[in-house]
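Colleague: I have a model open and would like to go through it. Can we take it piece by piece?
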Amino acid sequence: DSNVNRRLLGNAPVRKVQFLSPLNTIQSLRNTLHEIDYAVCDLLLLEHHTLSRIQRQLSSISSPVNSSVVKGDGSSSSNNTINTINILGRSLIVLNLYFDDLLLGQYVLSDIIASHMKHSAGVPHELVDAEYGKSFLHRLGKPLYDTLKVLTLNRNRQRAYMDALMMREWSALQREATAVDYYYREDVEVQKQQQLIASSAITTTKPTTTTPYVTNYVLGIGVWLMEHHLGIGVELDLFCGEHDLSIAYWYWDFLLSTRLNIVTSMRKEVVEQKVKEVQRQKKKLLEEKEEEAVATEARMVEKGNVVVEHNKRNSKGKKKGKKGKSGGGGGGGAKSASGGGAGSSGQVGSNSSSAAAAAAALAATSAVLTPTEEDAEDDMEFMLLGLRRLLCRGIVRFLAALNQAGLVKPPIFEFTTHQRRFEKRFESFSVISQPPPLTYDDYCQGSDFSSIQPEELLASAAECFRA
């Protein structure tokens with residue numbers, strides 16, 4: 001039977017083999033080696049790996065760049081050519097992204113996630129070290145790995161990967177994160193009640209409220225996922241025409257605003273955690289000083305008692321006579337002076353140790369409050385979020401001004417409606433509860449600038465672009 005192996009054969013058309021000239025072959029191999037150098041080697045050899053830095057590195061690799069491409073006829077094109085690294089570089093990244101049960105073969109996934117949660121969301125170490133916190137870190141491992149892996153795919157396949165595997169997963173993680181925050185709040189309440197019992201204070205306290213640290217962290221990643229999904233759709237020209245682009249940038253503006261609010265809240269918590277850490281260090285320093293003062297006082301009292309006892313013994317053994325008295329008195333004075341000198345030297349040593357402890361505490365405090373390179377990178381990313389939101393708003397207002405002037409008009413469909421198209425375009429977002437999915441009516445209300453003159457609308461759009 002000639003079709004016996006039919007099920008084993010692929011249905012893709014056979015690709016035509018293209019042979020390049022030797023010079024163009026060398027050029028193509030040089031481009032491939034360059035991609036492996038900056039995409040694979042730079043990622044593996046990146047110093048001070050953190051989850052944020054790995055994601056930024058993969059995002060820069062995933063983003064399209066303008067590069068020259070060698071064609072089959074030997075010619076090359078470099079004008080407005082959108083290209084990413086080839087399949088070889090992306091495959092090498094995936095192979096080295098997670099092996100030997102370690103991220104990049106170097107880091108325990110749960111540990112690097114915990115560090116990222118503390119750094120970016122201000123999650124307390126008590127929450128991370130708790131049993132429910134450790135369990136959630138293991139639960140969070142695979143979905144966060146997928147957020148890195150999706151950046152290694154071709155831009156055309158990233159949307160399909162997110163639709164199939166990631167959207168529903170992060171929706172479920174939001175509910176689980178709410179439960180983790182609830183458990184942490186209960187633990188804080190129990191600790192508070194224990195402190196009241198220990199202090200024998202009978203007071204009526206209000207219910208404990210804590211920041212939803214884990215919920216904010218998971219929600220921030222979920223919103224980034226939605227924003228990335230929408231951005232790829234715009235990049236791949238899936239939104240055609242001024243009306244569709246207006247809808248896309250309006251929704252993009254909403255997602256960026258939501259993400260900015262979440263990041264602002266998390267950055268505030270990070271600052272508060274740093275302040276608490278400084279206060280803990282100062283409290284620890286004061287306790288150490290008090291303990292040192294008590295110990296010093298105890299040593300001084302002990303030395304004083306020894307000197308007094310020694311003088312008593314000398315006074316009993318004194319001989320009669322002026323010569324004997326003077327000799328005995330001189331000896332007692334010498335002993336007393338010797339005891340005083342010892343006490344002074346002990347006090348000097350105590351002061352020097354206290355000064356060293358104070359210097360160490362000051363250095364630790366300055367280390368906590370001094371911005372690091374990663375803090376500067378986070379500040380830059382936060383600033384870019386605000387700039388991208390302003391660009392989206394400017395585009396929406398500019399398209400609305402063109403619509404008011406009659407230069408562009410919404411298309412008219414015979415077999416469908418704008419509302420139905422809106423629902424199908426953003427159908428992937430319907431499975432996520434937070435932020436709530438928007439509707440076409442929301443777009444009509446949010447993009448209604450009929451009460452604003454076109455000149456004012458254009459001036460507002462220009463102001464967004466100038467910012």
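Colleague: At roughly what angle do the axes of helix α4 and helix α8 cross?

Modeller: The axes of α4 (residues 109-121) and α8 (residues 213-235) cross at roughly 95 degrees and come within 11 Å. Axes are lines fitted to C-alpha atoms, for helices over the stretch in contact, with angles from 0 to 180 degrees between N-to-C directions. Helices (H or I, at least four residues) and strands (E, at least two) are DSSP runs, numbered from the N terminus. This is a predicted model, where local features need pLDDT of at least 70, side-chain atom pairs count only at pLDDT 80 or more, and totals for chains, interfaces and linings use all residues. Residues are numbered from 1 along each chain as its sequence is written, and side-chain values use heavy atoms, with hydrogens and water left out.

Colleague: Which residues make the contact?

Modeller: From α4, Ile113, His116, Met117, Ser120 and Ala121; from α8, Tyr213, Val214 and Tyr217. Contact means heavy atoms within 4.5 Å. Six of these residues are nonpolar, two are polar and none is charged. Here Ala, Val, Leu, Ile, Met, Phe, Trp, Tyr, Cys and Pro count as nonpolar, Asp, Glu, Lys and Arg as charged, and the others, Gly among them, as polar.

Colleague: And how do the axes of α2 and α4 cross?

Modeller: At roughly 95 degrees, coming within 9 Å, which makes α2 roughly perpendicular to α4. Leu51, Ser52 and Ile54 in α2 meet Ile112, Ile113 and His116 in α4. That contact has four nonpolar residues, two polar and no charged.

Colleague: New topic. Which residues lie nearest the centre of the largest pocket?

Modeller: Arg56, Trp224, Arg259, Glu381 and Leu385, out of 46 lining residues. On a 1 Å grid over the protein atoms alone, a pocket is an open set of points where a 1.4 Å probe fits, with protein on both sides within 12 Å along at least five of seven lines; lining residues have an atom within 4 Å of a point.

Colleague: Which helix gives the largest share of the lining?

Modeller: α9, with 10 residues. By class, the lining has 22 nonpolar, 12 polar and 12 charged residues.

Colleague: What is the mean pLDDT of the chain?

Modeller: The mean is 79, and 77% of the residues reach 70 or more. pLDDT is the predictor's confidence in each residue, from 0 to 100. Over residues 66-82 the value is below 50, and over residues 325-346 it stays under 50.

Colleague: Where is the cis peptide bond?

Modeller: Between Gln434 and Pro435, with omega about 0 degrees. Pro435 sits in the loop between α12 (418-425) and α13 (440-446).

How values were computed:
Angles under 35 degrees count as roughly parallel, over 145 as roughly antiparallel, 65 to 115 as roughly perpendicular and the rest as oblique.
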